[in-house]
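Look at the structure first, then read on.

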Amino acid sequence: MILDRRIWKSFSSAGLLLGTLLAAFSLTPSLLPRSALMQGILAGLSLAAGYAIGCVFDLTWRYLELPVPPARTARIVRLAAGVVCLAIGVVFLLRAPEWQNSIRVLMDMPPVEGTRPFAIALVALSLFAAVVIVARLFRLTYRVIHDHLPHFLPPRVARLIGAVAAAFLFWSLIDGVLFRYLLSTIDKSFQQLDALVEPESAPPANPVKTGSAESLVPWQTLGRQGRLFVSSGPTAADLEAFFGEPAPEPVRVYVGLNSAQTVRARVRLAFEELQRVGAFERAVLVLVTPTGTGWVDPGAIDTVEYLHRGDIASVAVQYSYLESAISLLVEPENGVETAKALFNAVYGHWTTLPKDDRPRLYLHGLSLGSLNSDRAFDLYDVIGDPFDGALWSGPPYRSETWRAATEERVPGSPAWLPRFRDGSVIRFTDQHDRLRNPGSHWGPLRIAYLQYPSDPITFFEPSMAWRPADWLAPPRGHDVTPALRWIPVVTMLQVVADMRAGDITPVGHGHNYSPDDYIESWVALTEPPGWTEEDVLRLKALFAGRP
């Protein structure tokens, strides 16, 4: 009983109250619906963040030697804070289904019946307890170091040295042991997944296919995503069935991470494979920068292959097998280096071809692929002979071109759908076709951004911790709930959670891009000849229901 009382007294009343407020506010809606597990994690992180801020307030108060209440008053305050925290938690949990449903109704998702409050509370409190234990271990380390410092040091200098030394020890442990062990485990897991060969996966018989017996790239080296990319997509028979006339089979070239030892060698292999299969003799050539795992969105490539009746080639070179967020963290230059090398090789050859007898050249990337594709070229190097355009979907907030165009948008246009200057180079679109603007001329170099207002990958900003983002201002995107309110610290954590919760989001929202919207974007960007509105609708019907 005495131990329980001591533990309770060791907590900061201000920290518990502020932490509970932030945890309760984390139940309010953000961009995407959340599962009970994700909501529990979010609430736990919010509770820990609020508690830390409250503790800093307490420490500052004591450091300034401001008056503190007597013990009896402190007990009453702590008890009152506990009651208030409990009441806040109950009230917000009761309203949580209403808030979640305000998002789900915009995305045509069935409503939730309850919030599973006990599951959320258990996850949140467990996570908070883990954070508190780590923090108190840090404090214990600090005290041990501080107590062994020479006594002739001034108290404030001793505290500073103790804090720096404790921080160094903890960071060495986290970065040198735990973080490296975690990365090593993740790396091995993704490496095994990338190397996994499904039982039904066999090298293609078509000699034009990458990985076939005639190919320069061995089938086994393509990686899981590469084999999926090469073996999927519309065949010549599929195209003939849709158009009612013979059509060539689209060319897909893919070079895996294990196909060659270096970036330069992989790109050279991709270029030689492009030449072998006659990719430069097609009407359209698309340079695809995959995501971190090497994945290429089939909704993007399948649709453009139909739109150009199979007379099209696409090429991708894998630069990682890690998930995009991890790849960006541990190997940020690999994707940029690979995208640049591939672009330079293909563009350099493309510019030597006669202008009236070379394919139209486009770039494409989703998410991290969009970021790396954007960094693949320097505008001043291509302005004399520009490639035809780029379709970048779900661009991360770190994308330089996207950020510049968004910040310099035409006044009055929303941040989630900016208008950039006269629209002659860069245009933005969402779930509604916004690229075709009869009053504006789209020049020879066309850049299109496909982004959903509810995409947390695109609209995350670290600065949301202390100020509202521009996209929160009215008018909001059509799939962003009006119930979303900016809350310091919490909104930033909510959007981080949304970045990890995209697996329950339906196609056409969040970071899950729809073939319908790719069709509209490719039509506006590439203007495939011979297509009518009825043809486009028929193609959309073909892709209806596909993930």
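Strand β3 (residues 312-317) is mostly covered: 6 of its 6 residues are buried. Buried means under 20% relative accessible area, exposed over 50%, and partly exposed in between (1.4 Å probe, protein chains only). Strands are DSSP runs of E with at least two residues, helices are runs of H or I with at least four, and both are numbered from the N terminus. On one side of β3, Ile312, Ser314 and Ala316 are buried. On the other, Ala313, Val315 and Val317 are buried too.

The model is predicted: local features need pLDDT of at least 70, side-chain atom pairs count only at pLDDT 80 or more, and totals for chains, interfaces and linings use all residues. Residues are numbered from 1 along each chain as its sequence is written, and side-chain values use heavy atoms, without hydrogens and water.

Two strands pair if DSSP finds at least two bridges between them.

| Strand | Sense with β3 | Bridges | A bridge pair |
|---|---|---|---|
| β1 (residues 251-255) | parallel | 5 bridges | Tyr254 and Ala316 |
| β2 (residues 284-289) | parallel | 5 bridges | Val286 and Ser314 |

From β2, the chain crosses through helix α10 (residues 298-307) to β3, and this β-α-β crossover is right-handed. That is, with the strands pointing away from the viewer, the path from the first strand over the helix to the second runs clockwise.

Now to another helix. Phe57 lies in helix α3 (residues 36-63). Phe57 is partly exposed, with a relative accessible area of 47%.
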